[in-house]
Amino acid sequence: MQHYKAIIIGSGQGGTPLSKKLAKEGWKTALIEKNNVGGTCINVGCTPTKTMVASARAMYDVSTAGKYGVKIKGYDFDMDTVLKRKNEVVEKFRSGSQKGLEETENLDLYFGTASFVDEKKISVILNSGETIVLTADYIFIDVGGRPTIPDIEGLEETGYLTSTSIMELHEVPEHLLIIGGGYVGLEFGQMYCRFGSKVTILENSDRFLSREDEDIAEVIADFLKEEAIEIITGTEVTKVSKNEHGIQIQLTINEKERTIQCSHILVSSGRTPNTDTLNLEAAGITKNDKGYINVNDKLETNIKNIYALGDVKGGPAFTHISYNDYIVLFDNLIEGKSESIKNRMVPYTMFTDPQLGRIGLSEQEAREKGLNFKVAKLPMSSVARAIETGDTRGVMKAVIDTETGSILGAAIVGRAGGEVMSVIQMAMAGGIDYYTLKDMIFAHPLYTESLNNLFMSIGD
């Protein structure tokens, strides 16, 4: 039995930097990873998907090159090359991260499956087959999540793809049906449509992208439909089965029955936390009814010196939030600060093309809170950079506090949506009001420059 100052379970985007920083501060640290270093983001999330999105974007650019006067004949698509490039990028990120861990003093990296024996004791079944027991003064849980598989009759027998397994598929589905119209489903839907698949997206909610304002959701739906992606809302899949033509989907749409034939199913209906193998009960750690570990605003569980960070604690499941969790923990434990995850900014970008970049409150959220606000809005068809680059799909929108002029939130749909959103986020963080951005000098001609026109649309 070996004792450590800290044990971290999971090498995601929170656990990896936390383990290195604690070790560099002199804490004898153990990092336990079940599969590959890097967690969801590097191995099966952000890195591989955005790499494949880039291939899909290249395919789109080639197919639309004619309008720019570029005539391309005889181009072809090779999925094996796409996957090879994706795997190379993943391996580069993963191996670099693992090398950094292995070269860190005071840090031991174990590959195996961890479970609690009691509050301060962890059993690890190593991937070699050996079982070891480790103890620690502090324990940090960063085990992430996995795709949720809905209980649909015939789904298991028929077979399906997840956001992980679809990126190993060497064929382009003839007709890809996606169960779930969230950000992951939309990114894969557009990607495979550009690769050559017919795509149908089924959304359980009555409204497409219900988390976003209706006008923002409508803009996104419009450019997806322009690429012949079918989006059906208010759906419930009741049965899945195989027949001589492929896969048959039985569903209800607003209480009306319908049957859809497809070649492949992608399940994209949320995430499930990887807490079921941790034996949390042995340590007395509580979780909610969905399996997420309960934490307070400082990421503390109900057991002293045991913390949870990243997706496993619930809340926004973004890599950058996991990384910020690490910063909060390090600042509090090492720097003696009293940082909190409460009321922090949660930016995110959906990597469709064009992107959706979001920060702060939406118009509907501001209305629900009863705030006194006004809205600035500018279509991309009025943005010089968008016109010049030949892609005017999208819109800029911001929500402004009427009395103070402070920016409450923004949604940017456009080719550089996430980048422009980040500029607004920095303004919000620095307390810069919309009047300042309205008159600020930006380099011409950038997408960001159109923040001048966006905020001019409000009037004084």
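Is C46 buried, partly exposed or exposed? C46 is partly exposed, at a relative accessible area of 31%. The scale runs like this: buried is under 20% relative accessible area, exposed is over 50%, and partly exposed is in between, with a 1.4 Å probe and protein chains only.

Some ground rules. This is a predicted model, where local features need pLDDT of at least 70 and side-chain atom pairs count only at pLDDT 80 or more, while totals for chains, interfaces and linings use all residues. Residues are numbered from 1 along each chain as its sequence is written, and side-chain values use heavy atoms, with hydrogens and water left out.

C41 is buried, with a relative accessible area of 13%. A disulfide here is a pair of cysteine sulfur atoms within 2.5 Å. The count by this rule is 0 disulfides.

Now the sheets. Helices (H or I, at least four residues) and strands (E, at least two) are DSSP runs, numbered from the N terminus. Two strands pair if DSSP finds at least two bridges between them. In general, strands of a sheet pair through backbone hydrogen bonds, either parallel or antiparallel.

Take the open sheet of 3 strands. Its order is β10-β11-β12, and the pairing is antiparallel. At the edges sit β10 (235-243) and β12 (256-262), each pairing on one side only. Neighbouring strands are turned by 20° against each other on average, direction ignored. Axes are lines fitted to C-alpha atoms, for helices over the stretch in contact, and angles run from 0 to 180 degrees between N-to-C directions. Strand β11 (residues 246-253) is joined to β12 by 7 bridges. Look at Q248: its bridge partner in β12 is Q261.

Next, the open sheet of 5 strands. Reading across, the order is β16-β17-β20-β19-β18, again with antiparallel pairing. The edge strands are β16 (348-350) and β18 (373-379). From one strand to the next, the twist averages 10°. Between β19 (residues 395-401) and β20 (residues 407-414) there are 6 bridges. I400 stands opposite I407 in β20.

Helix α11 (residues 417-429) lies across β16, β17 (355-360), β19 and β20. It runs at about 15° to β17. Contact means heavy atoms within 4.5 Å.

On to the spaces. The search uses a 1 Å grid over the protein atoms alone: a cavity is a set of points where a 1.4 Å probe fits but cannot get out, and a pocket is an open set with protein on both sides within 12 Å along at least five of seven lines. Lining residues have an atom within 4 Å of a point. Grid points are joined across faces, edges and corners, and a volume is the space filled by probe spheres set on the points.

How many cavities of 30 Å³ or more are there in the whole structure? There is 1. The largest cavity holds about 40 Å³. Its lining includes R358, K397, V399, A410 and A411. β19 and β20 each supply at least two of the lining residues.

The second largest pocket holds about 320 Å³. It is lined by 13 residues, and R344, V346, G360, L361 and E365 lie nearest its centre. β17 gives the most to that lining, with 3 residues.

Last stop, K290. It is in the loop between β14 (271-273) and β15 (306-308). K290 is exposed, at 64% relative accessibility.
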